[in-house]
Amino acid sequence: SSDLYAAAEAAGVMLLEGMWTRYFPAVEHARAAIENGVIGDVKMVQADFPELCYAVQFAPLFFGSKQAPSAVVSAGTGGGGAGAVIQYGSQGAAVLSFPSWACEVPEVCEVIGTKGRITLDDWGAHPSRITIRLTTEQCWDEPQGHTSTAQNGVRPHMEQHTYPVPEPAGLPAAGWHYVNQHGFLYQAQAVHRCLAAGLRECPQFTKADSMRIMELLDKIEKGITDPCR
């Protein structure tokens with residue numbers, strides 16, 4: 001992969017890994033909310049998907065690609081279910097599950113911060129909905145420092161935004177290959193804008209993002225038998 005990126009740079013052309021998740025409006029919304037401190041400091045990312053890459057990519061997305069993990073552990077089998085933890089020192093961790101395709105896969109990503117949490121679903125790898133839950137003010141005075149709304153028996157402030165994918169939405173039907181597959185349009189439009197602006201990579205998914213994910217996958221796959229990449 002590094003050789004391919006070097007060749008593209010030498011030729012002055014764009015080389016882009018097709019991580020379509022990053023271009024969905026719900027993901028862009030989540031990224032902006034976190035950059036603006038809406039949920040405070042990110043402490044944990046939870047995500048699931050049978051194919052490792054789609055779950056793993058959420059870790060550097062919300063902890064940052066420049067942040068090297070302090071530890072990576074994994075276990076399980078590709079067909080029977082597996083999991084991994086990516087630790088970012090005292091900053092937090094990503095807890096990832098890779099369930100079998102033959103089960104009711106949740107396909108949800110949760111980003112948990114010191115002031116709230118963000119849920120990406122319908123569905124996590126290609127989300128059309130974002131829910132933001134914020135810790136209420138009375139929770140900050142909890143004497144043991146348990147500031148979650150659950151520990152204080154109150155409901156969080158909540159807002160939800162839905163971003164329907166272009167029609168037809170690609171729900172399972174004859175001739176369709178992916179749920180929400182028309183969401184590929186978001187990536188195509190972003191690439192067009194970047195090329196028109198003379199850019200050689202898209203800010204939604206850079207070379208640094210791609211290389212960090214591949215590094216994480218190499219480490220995670222060492223602990224998993226027959227991983228589904």
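Trainee: What makes arginine 212 and glutamate 215 a salt bridge?

Mentor: In this predicted model, their closest N and O atoms are 3.0 Å apart. The cut-off is within 4 Å, so the pair is called a salt bridge. Both residues lie in helix α7, three residues apart, about one turn of the helix.

Trainee: Why is arginine 212 called buried?

Mentor: Its relative accessible area is 13%. Buried means under 20%, so arginine 212 belongs in that class.

Trainee: Is glutamate 215 buried, partly exposed or exposed?

Mentor: Glutamate 215 has a relative accessible area of 30%. That value lies between the 20% and 50% limits, so glutamate 215 is partly exposed.

Trainee: Which strands does helix α7 touch?

Mentor: Helix α7 (residues 207–221) packs on the sheet and touches β2, β3, β4 and β9. Its direction makes about 55° with that of β2.

Trainee: Why is glutamate 110 called buried, and what is its salt-bridge partner?

Mentor: Its relative accessible area is 16%, under the 20% limit, so the term applies. The partner is arginine 117, with the closest N and O atoms 3.3 Å apart. Arginine 117, at 32% relative accessibility, counts as partly exposed.

Trainee: How many salt bridges does a search of the whole structure find?

Mentor: The search finds six.

Methods. Residues are numbered from 1 along each chain as its sequence is written. This is a predicted model: local features need pLDDT of at least 70, side-chain atom pairs count only at pLDDT 80 or more; totals for chains, interfaces and linings use all residues. Side-chain values use heavy atoms; hydrogens and water are left out. Contact means heavy atoms within 4.5 Å. Axes are lines fitted to C-alpha atoms, for helices over the stretch in contact, and angles run from 0 to 180 degrees between N-to-C directions. Helices (H or I, at least four residues) and strands (E, at least two) are DSSP runs, numbered from the N terminus. A salt bridge is a side-chain nitrogen of Lys or Arg within 4 Å of a carboxyl oxygen of Asp or Glu. Buried means under 20% relative accessible area, exposed over 50%, partly exposed in between (1.4 Å probe, protein chains only).
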